Structures are given as structure tokens and as C-alpha cells.
Amino acid sequence: MEMPVTGMLNEDGIHIDMDHLKKGEVNMAITFADGVILGADSRTTTGAYIANRVTDKLTRVSDTIWCCRSGSAADTQAVADVVSYYLGMYATMEGEQPSVGVAAGLFQEVCYSNKEQLSAGIIIAGHHPSHGGSVYSIPLGGSLHRQSYAIGGSGSTYIYGYCDSYWKENMAEADGINFVKGALREAIKWDGSSGGVIRMVVLTEKGARRLLFLPDQGYEGPGEM
């Protein structure tokens, strides 16, 4: 039987519906005393098939702003590319780095204007010298919410209670990393669409620092990338 051409990848007898390639996942971002921390798992699924075990879902959109992507892999990558382009133009024309609010506004404009065509949930987090660390969430539909912390993806359903119980304002960096890691570990434990490694980005006035935690080490290391 001949496979349809549109939206299909046919290689070595494996057929993947590229129109339904989703990042079944969990991701989150929090504010802490010195900035923000973003974290995500690394599993990409299409239906019951795991298409990628080590996806990087944390995307840099400017020097001081990153985002977490959930939903359609293609949609969220395209949205992040568009916003990154306009933020680069903003920095060149204004002579300064854009604030997190500016980036969040651009993300919302793209997501809301195309809400009927996109399957995209975005969490935007960054650090600005004037405003410190801030986190914004854009769920499906394109609404915009500023929050102390935000969680997204299929695995987030399982960790609302965990986050409510253990969240504290103005945590130290080490406590913030442990909070994010603990929440993501719980989501990976209970959600079949979440899994793989845990990646984090710590953003402060000193810049971005990337962390990696592996499942075969109980998500305790290696840490610094």
C-alpha cells in the first residue's frame, strides 16, 4: 500500500506523521533571588512513537532571554525564530537589549494572531538590569500571563500540587535548581510522554549557565555543561 506523500516521512519502513510531531513533555521556568531558571525534559513524541529522546526544548531568543517550547515542534521552532529575528532588530535599532516584557509581547502577537493554525505553548523567561528576572506564560490560544513561576506541557498536569507545596519566593539559586529538578522528576515519573534528560538554563546578570542531569545518574549530574 502506497503511503500518502503529504506530511509523511517514509524511511526504512518507518512512517512518521510529521503533521502530528509533538513534544509530549514538561517544561517550566521560575524566578529566584538573582534571576530565572528554565528547565525541561527532552522527549519528543508522535503518538506512541518516541521520535527523539534528547531534544533541546530550551531556546535562546536573545542574549538575556530564553524560552521553553511545548506543543508542535515545528510551530514552536518557527515562532521562536521569528521572535528572535525581531528582538535582534530591536537591539540594533534601540542600542540596548530588549526587556522580557517586550519579548513576551512579540511572542503573544505571533501566537494570538495565528492561534487557529498553531499548536504552541511558550514560557518566556529572562533577566534585565532594570527589572531583574521575570517569567511570562503563553498557553494555547495566545493569552499572556506574568507569573512567579510557570509550568507547561503534558507532564505539568502531574506537578501542580508539588509546585504549590514546595514553591517559595526569592529562593537561592541552589534551592531553585533543586525545586525545578524535583518537579521535572515527578512529571517524568508519572507522564508517559515526558522523559529523557533534564536540561536547565540559569539566567542572571552574569549571563546564561546551562545544566544537564542524566536519568542513569538519578538526575544528580553531571550538572554544568
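How far apart are the end C-alpha atoms of helix α1 (residues 73-94), and what span should its 22 residues have? The notes below start there.

1. **Length of α1.** This is a predicted model. At 1.5 Å a residue, the 22 residues of α1 should span 32 Å. The end C-alpha atoms lie 31 Å apart, which agrees. Just after the helix, G95 adopts a positive phi of about 75°.

2. The buried residues of α1 are A73, D75, T76, V79, A80, V83, L87 and A91. They sit on the same side of the helix, because they cover an arc of only 150° around the axis. The face turned away from that buried side carries exposed residues: A74, D81, Y85, T92 and M93.

3. **What α1 packs against.** Its buried residues pack against strands β7, β8 and β9, and against α2 (100-113).

4. **The β7–β8 hairpin.** Strand β7 (residues 58-62) and β8 form a hairpin, with two residues between them. The strands run antiparallel and are joined by four bridges. R60 has W66 in β8 as its bridge partner.

5. **β8 and β9.** Strand β8 also pairs with β9 (residues 120-128), in the antiparallel sense, over seven bridges. Here I65 stands opposite G126 of β9.

6. **Burial of β8.** Seven of the seven residues of β8 (residues 65-71) are buried, so the strand is largely enclosed by the rest of the structure.

7. **Confidence.** The protein averages a pLDDT of 89, and 89% of the residues score at least 70. Residues 1-13 have a pLDDT below 50. Beyond near neighbours in sequence, that stretch has 16 contacts in the model.

Terms used:
Residues numbered from 1 in each chain as written. Predicted model: local features only at pLDDT ≥ 70, side-chain atom pairs only at ≥ 80, totals over all residues. Heavy atoms only, no water. Buried < 20%, exposed > 50% of the residue type's maximum accessible area, 1.4 Å probe, protein only. Pairing = 2+ DSSP bridges. pLDDT = per-residue confidence, 0-100. Contact = heavy atoms within 4.5 Å. Expected span 1.5 Å × (residues − 1). Arc of directions from axis to C-beta.
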